[in-house]
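Please look at the sequence and the structure shown below, and keep both in view while reading the short report that follows.

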Amino acid sequence: MGKLLVTGATGHLGRLTLQALLTQVPPHRLAGLARDPSRATDLAEQGVDIRKGDYFDHDSLVEAFDGVDRLLLVSAEALTDRDTQHANVITAAKQAGAQHVIFTAVQRREDSDARQIGVTDGDIFAENVLKNSGLTYTILRHPTFMEHLGVYIGADAYDKGVRVPEGDGTVAPATRHDLAAANVAVLTQDGHENTTYTLSGSEAASFRDIANALTEIHGSEVLYLPITAEEYTESQLAQGLPREVAEFLTSWATAITGGTFSENTGDLERLIGYRPTSYREFLAQNHPRLTQTETLDATKDLLEGEYVPSPDPMTREQVELYERTDGREGATMMGGPVVVVTMRGARSGKLRKVALMRIERDGVYAIGASAGGQARHPNWFHNLVAHPIVQLQDGPDRRLMTARVAEGPERESWLAYADGLYPFFADMRARAANDREVPLVLLEPAEG
Ligand SMILES: NC(=O)c1ccc[n+]([C@@H]2O[C@H](COP(=O)([O-])OP(=O)(O)OC[C@H]3O[C@@H](n4cnc5c(N)ncnc54)[C@H](OP(=O)(O)O)[C@@H]3O)[C@@H](O)[C@H]2O)c1
C-alpha cells in the first residue's frame with residue numbers, strides 16, 4: 001500500500017492534516033512535502049516521512065512523490081504563479097505513479113462570472129488539469145477560513161463598527177481544524193473518487209449577522225456600517241497593506257457580500273461526521289482577539305495578566321519556541337504532539353504556561369496530571385482547579401477553554417482514548433497509584 005502525502009507540511013492546513021492523520025494512520029504510511037524540511041522536524045520525529053520539494057521544481061516533486069498513492073495538494077499562495085505550481089504538482093504526481101490527487105480550491109458558484117483576483121481563474125485551471133490528467137481526483141472547495149474573519153472585519157470593529165462592502169451575501173466559514181478533518185476523511189476513506197465537495201461550515205452569516213453576533217458577545221452594540229468597495233480598499237491601505245493585498249482582500253470581501261459563498265452544502269459535516277464549529281461559537285471563543293488581524297494577533301494572550309515563565313528551563317524554552325513558531329517547533333514531547341496551556345497561578349494570579357500532551361476529541365481536549373508518575377499532582381493541576389478558565393494553544397490557534405476534572409464513565413472513556421494515543425500514560429498512572437489517582441482534566445470551549 002502506497003503512502004499518503006500532504007503538501008504544505010510546514011503550513012497551517014497541511015500541518016493540521018498530518019497531525020490529525022497521525023491519530024488514525026500508522027506514521028510509516030504518512031509523508032509530507034516541505035520546501036524546508038528542517039521546519040517540520042516535529043512531524044519527522046513522529047515518523048512522518050518529510051520530503052523536500054518545491055512546487056516550482058518539477059523534478060524535486062517527482063522524486064518527493066515516489067511511492068505515494070494518494071496526495072493532498074494544498075493550494076499554492078495567492079498572488080504567486082499558481083498555475084505553474086499546481087500543474088507541476090499534478091503532472092509530477094502522475095509521473096511518480098500516484099493514483100489519486102486531492103486539491104484544495106476555493107468555493108465558487110458555477111453559475112457566476114464573478115472572479116476573485118488571483119484565485120478563481122487559477123482554481124479553474126488547476127481543476128481542469130487534474131480532471132484531464134487521468135488521475136483520480138477529489139476537489140475540496142473551501143469557504144473563507146474562520147480564522148480570517150477578523151481580517152475582514154478589521155482591528156477596530158468594536159469601536160467603529162463592522163465596515164465592509166455592502167451586500168447581504170453570506171458565508172458559512174469553516175475552521176482549518178475542521179477542513180483538515182475533511183482532508184483526513186478523503187485521504188483515508190474510499191468513496192470520494194472523482195467528486196467535488198463544497199466544504200461550507202455549519203452556519204451561514206452575512207456581515208450584518210456577524211455584527212449582531214459581536215453585539216451579543218460584547219454586550220454593547222456593534223454597528224453594521226456598509227461602505228463601498230473603494231472605501232474598503234482605502235481602509236486596508238490606511239492600515240499599511242500594499243495595494244495588491246488591499247485589493248485582494250477587497251475582492252474576497254465583495255465575493256462574500258455578493259453571494260459567491262452563499263451556497264451552504266452540508267458536505268463538510270457529512271465528511272467529518274460531526275457538526276463543524278460555527279461562526280458564533282468561533283467568535284464567542286475568540287472575540288477578545290477578533291479585533292486584531294490574524295498576523296498581528298499571533299502572540300497575544302487571551303487571558304490578561306503578567307506572564308511569569310516557568311522556572312523549569314525545559315518547559316520555559318519549549319513554550320517559548322512553540323508560541324514563537326505557532327506550534328511548528330517545540331511541538332512534541334515523548335514522541336507525541338503537545339498543546340500549550342496558559343493559566344492563572346492558584347495563589348499568585350499571574351499567568352503560567354505549560355506544554356502538555358495533546359489529547360483531543362471533537363474540539364474537547366483532555367490533559368492528564370500524571371507528572372511523570374510522581375507522588376504529587378503537578379502545580380498546574382492546582383492552578384486549573386483554582387482558576388478554570390485557561391487559554392489553550394493548539395498549533396497556531398489560541399482559544400479560551402474551561403477546565404473540569406473528568407469523573408466516572410466519562411473519565412474511563414477518555415483514559416481509554418488517551419491510552420490508545422500514548423501507551424506510556426497508563427505506566428505513569430500505575431507509578432503514581434500508591435500515592436494518588438492521576439486526575440484527568442477536560443478543557444471545553446469557554447462560554448461567551
Ligand atoms: N479559504 C481561505 O479563506 C483561504 C485563506 C488563506 C489561504 N487559503 C489557501 O489555502 C492554502 C492553505 O492555507 P494555510 O493557512 O495552510 O496556508 P499557509 O500556512 O501559508 O501554508 C501554505 C503552505 O504551502 C507551502 N508552499 C507555498 N508555496 C510553495 C511552493 N512553491 N512549494 C512547496 N510548498 C509551498 C508553504 O510552504 P512554506 O511553509 O515553506 O512557506 C506552506 O507550507 C493557502 O496556501 C491558500 O492557497 C485559503
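## A pair of strands

In β6, Thr 136 is the bridge partner of His 100. Strand β5 (residues 100–106) and strand β6 (residues 136–142) run parallel and are joined by seven bridges; strands here are DSSP runs of E with at least two residues, helices are runs of H or I with at least four residues, and both are numbered from the N terminus.

This is a predicted model, in which local features need pLDDT of at least 70 and side-chain atom pairs count only at pLDDT 80 or more, while totals for chains, interfaces and linings use all residues. Residues are numbered from 1 along each chain as its sequence is written, and side-chain values use heavy atoms, with hydrogens and water left out.

## The sheet

Seven strands form an open sheet with parallel pairing, in the order β3-β2-β1-β4-β5-β6-β7, where two strands pair if DSSP finds at least two bridges between them. Because β3 (49–52) and β7 (195–198) stand at the edges with a single partner strand each, one side of each is left without a neighbour in the sheet.

## The two domains

The protein chain is divided into domain 1 (3–150 + 164–203 + 240–283) and domain 2 (313–445), with bounds that come from an automatic or database domain assignment. Twelve residues of domain 1 are in contact (heavy atoms within 4.5 Å) with 14 residues of domain 2. Across their interface the rule finds zero salt bridges, a salt bridge being a side-chain nitrogen of Lys or Arg within 4 Å of a carboxyl oxygen of Asp or Glu.
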